[in-house]
Amino acid sequence: MAALSFCSSSPPRILHKQSNSSFFPSDSSSFAQTVGESSAKPISVSRRFHVAVNSTAVSDESGNAKLPSYPAKKLREILQSPGFLQGPCCFDALSAKLIERAGFPYCITSGFSISAARLGLPNKGLISYGEMFDQGQQITQSVSVPVIGDGGNGFGNAMNVKRTVKGYIKAGFAGIIINDQVCCDDTKSERRVVSREEAVMRIKAAVDARRECGSDIVIVAQTDSREAISLEESLVRARAFTDAGADVLFVDSLISREEMKSFCNVYPLVPKLANMLESGGKFPILNPLELEEIGYKLVAYPISLIGVSIQAMQDALLAIKGGRIPPPGSMASVEEIEKILGFDTYQEEEKRYATSSSDRDTSSSSVYGNQRVAQDDPEQREDPIVEVITPEVYNEPRNPFSRIWSRSLRIKIIGRDGFEKLDVRIPAGFLEGVTNIVPALGGVNLKQLMDDAADEVGGKLLLDFKDTAGDRIQVFLE
């Protein structure tokens with residue numbers, strides 16, 4: 001029999017497969033009455049509306065207030081609604097914000113990506129519970145959409161699982177993924193899983209922790225036994241996880257549509273999560289309509305954001321090393337970055353707390369500051385001495401550079417793709433800022449080259465070379 005858990009302040013209810021009960025109990029309408037607008041529009045293949053819930057706090061039998069259950073209830077409402085749901089994986093507050101701004105109804109944290117972004121290390125069990133909790137709290141506080149946290153193997157035995165679940169509830173997660181690996185390992189090496197009994201105990205411990213907190217956090221039970229043992233074992237574990245109280249099932253490393261269908265036939269009323277590993281995974285890469293047809297409810301994209309971020313940063317660094325800045329089309333503008341980070345919202349809210357002193361004109365404050373310095377330091381009361389240097393200074397015969405003062409340098413860069421990236425002219429007398437424009441010219445004695453060509457009439461090509469990025473750089477004296 002399938003036991004579907006819906007945990008609140010009371011013990012979990014047991015629903016039987018042969019009954020007509022859905023994933024949620026009949027009284028779920030008590031926390032979902034109206035269809036409301038959320039801060040980001042949900043993405044659903046069936047294009048159905050998702051109902052929203054009000055933020056509430058649950059209490060135990062003694063009336064003591066417990067942790068808010070809004071994120072979990074919001075996720076459960078999304079799970080209950082019709083349609084297929086996509087959930088890209090984030091690794092920090094900024095990536096979570098971008099997911100929300102793109103209109104996705106929820107997101108998932110990726111242990112692989114967080115380990116990469118926070119530690120610069122592979123996800124081989126090196127990242128700690130405390131680091132995952134801290135990163136998760138920053139993520140959940142930055143967005144209004146529910147976030148499912150990657151809890152790995154619970155960071156230890158069943159007691160560690162309980163601590164992890166309670167910590168993730170406190171951090172504001174709407175759901176948590178618990179797997180049956182011996183040690184969390186998202187690499188291509190052979191995975192090892194704990195015994196079936198221990199794996200089930202992890203899920204039971206997670207359910208107990210949820211009940212003890214009076215939370216509705218959604219428990220996603222993951223098994224990696226398909227790769228470690230067999231397909232049959234993974235299906236048996238999926239049934240056992242459901243009987244233990246898991247809300248969502250996830251079998252990783254299924255290698256065909258037939259295996260995916262077999263998995264989705266295990267307790268069809270229980271939502272299933274697909275993992276579309278974008279590069280190097282054994283899971284067939286299917287589109288949302290295909291996944292929904294097979295029987296999945298959720299899909300995760302674990303490395304899309306961290307993968308494109310790494311590639312974009314590598315491209316930018318290659319451009320900078322070659323003496324250029326990344327082209328405008330490859331970067332968000334300062335205005336767009338400020339909008340994403342909420343500068344306007346911050347400034348509007350800041351005005352609410354403005355005082356009379358903070359409303360003073362900035363220039364007045366500057367004048368006041370300057371006057372005070374002059375009063376405190378007698379030496380500052382003297383009139384400043386301004387030395388004006390005119391081009392005549394360079395007319396002295398002893399200065400060989402004076403002959404090319406009136407001429408200009410033309411710097412031209414043609415990209416390796418054949419497109420012009422830079423064509424600029426600067427006075428030949430100003431060499432100090434040239435390397436700020438083209439760092440690849442650092443170490444080149446332009447002054448000597450220009451002095452040698454100063455007597456030549458017309459333009460002269462001083463330099464013509466390719467930088468480390470393969471771009472052609474030409475410098476002319478005009």
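Ile411 stands opposite Val475 of strand S14. Strand S14 (residues 472-477) and strand S11 run antiparallel and are joined by six bridges; two strands pair if DSSP finds at least two bridges between them. Helices (H or I, at least four residues) and strands (E, at least two) are DSSP runs, numbered from the N terminus.

This is a predicted model, in which local features need pLDDT of at least 70, side-chain atom pairs count only at pLDDT 80 or more, and totals for chains, interfaces and linings use all residues. Residues are numbered from 1 along each chain as its sequence is written, and side-chain values use heavy atoms, with hydrogens and water left out.

## The four-stranded sheet

S11 and S14 belong to an open sheet of four strands in the order S12-S11-S14-S13, with antiparallel pairing. Strand S12 (420-427) and strand S13 (460-466) are at its edges; each has a single partner strand, so one side of each lacks a neighbour in the sheet. From one strand to the next, the twist averages 10 degrees. Axes are lines fitted to C-alpha atoms, for helices over the stretch in contact, and angles run from 0 to 180 degrees between N-to-C directions.

Strand S11 (residues 408-414) is joined to S12 by seven bridges, and the two run antiparallel. Here Leu409 has Ile426 in S12 as its bridge partner. On S13, Leu461 stands opposite Phe476 in S14, and six bridges join these two antiparallel strands. S13 and S14 form a hairpin with five residues between them. In the turn, Gly470 has a positive phi of about 90 degrees.

## The eight-stranded sheet

Another open sheet has eight strands in the order S8-S7-S6-S5-S4-S3-S10-S9, with parallel pairing. Its edges are strand S8 (248-251) and strand S9 (273-275), each with a single partner strand, so one side of each has no neighbour in the sheet. The twist in this sheet averages 25 degrees from one strand to the next. Strand S4 (residues 107-109) pairs with strand S5 (residues 147-150) in the parallel sense over two bridges. Within this pair, Ile108 stands opposite Ile148 in S5. Helix H6 packs on the sheet and touches strand S6 (175-178) and strand S7 (218-223). The direction of H6 makes about 170 degrees with that of S7. Contact means heavy atoms within 4.5 Å.

## Helix pairs

Two packed helices are described by the angle between their axes and the distance between the axes.

| Helix pair | Axis distance | Angle |
|---|---|---|
| H3 (residues 111-119) and H4 (residues 129-142) | within 11 Å | roughly 95 degrees |
| H6 (residues 196-213) and H8 (residues 231-244) | within 9 Å | roughly 30 degrees |
| H2 (residues 93-101) and H4 | 8 Å | about 30 degrees |

The axes of H3 and H4 come within 11 Å and cross at roughly 95 degrees. H3 is therefore roughly perpendicular to H4; angles under 35 degrees count as roughly parallel, over 145 as roughly antiparallel, 65 to 115 as roughly perpendicular and the rest as oblique. Gly111, Ile114, Arg118 and Leu119 of H3 make the contact with Glu131, Met132, Asp134 and Gln135 of H4. These residues divide into three nonpolar, two polar and three charged. Ala, Val, Leu, Ile, Met, Phe, Trp, Tyr, Cys and Pro count as nonpolar, Asp, Glu, Lys and Arg as charged, and the others, Gly among them, as polar.

H6 and H8 cross at roughly 30 degrees, which means that H6 is roughly parallel to H8. Their crossing is right-handed; a crossing is left-handed if the near helix is turned anticlockwise from the far one by less than a right angle, and right-handed if clockwise. In this contact, Arg196, Ala199, Val200, Ile203, Lys204 and Val207 of H6 meet Glu233, Val236, Arg237, Ala240, Phe241 and Ala244 of H8. The residues are eight nonpolar, no polar and four charged.

H2 also passes H4 in a right-handed crossing. Ala93, Ala96, Lys97 and Glu100 of H2 meet Gln138, Ile139 and Ser142 of H4, which divide into three nonpolar, two polar and two charged.

## Aromatic pairs

Across the whole structure, a search finds four aromatic pairs. One of them is Tyr129 with Phe133, whose ring centres are 6.2 Å apart and whose planes stand at 40 degrees, so the pair is tilted. Rings of Phe, Tyr and Trp (its six-membered ring) pair if their centres lie within 6.5 Å; planes under 30 degrees apart count as stacked, over 60 as edge-to-face and the rest as tilted. Tyr129 and Phe133 are four residues apart in helix H4, so about one helical turn separates them.
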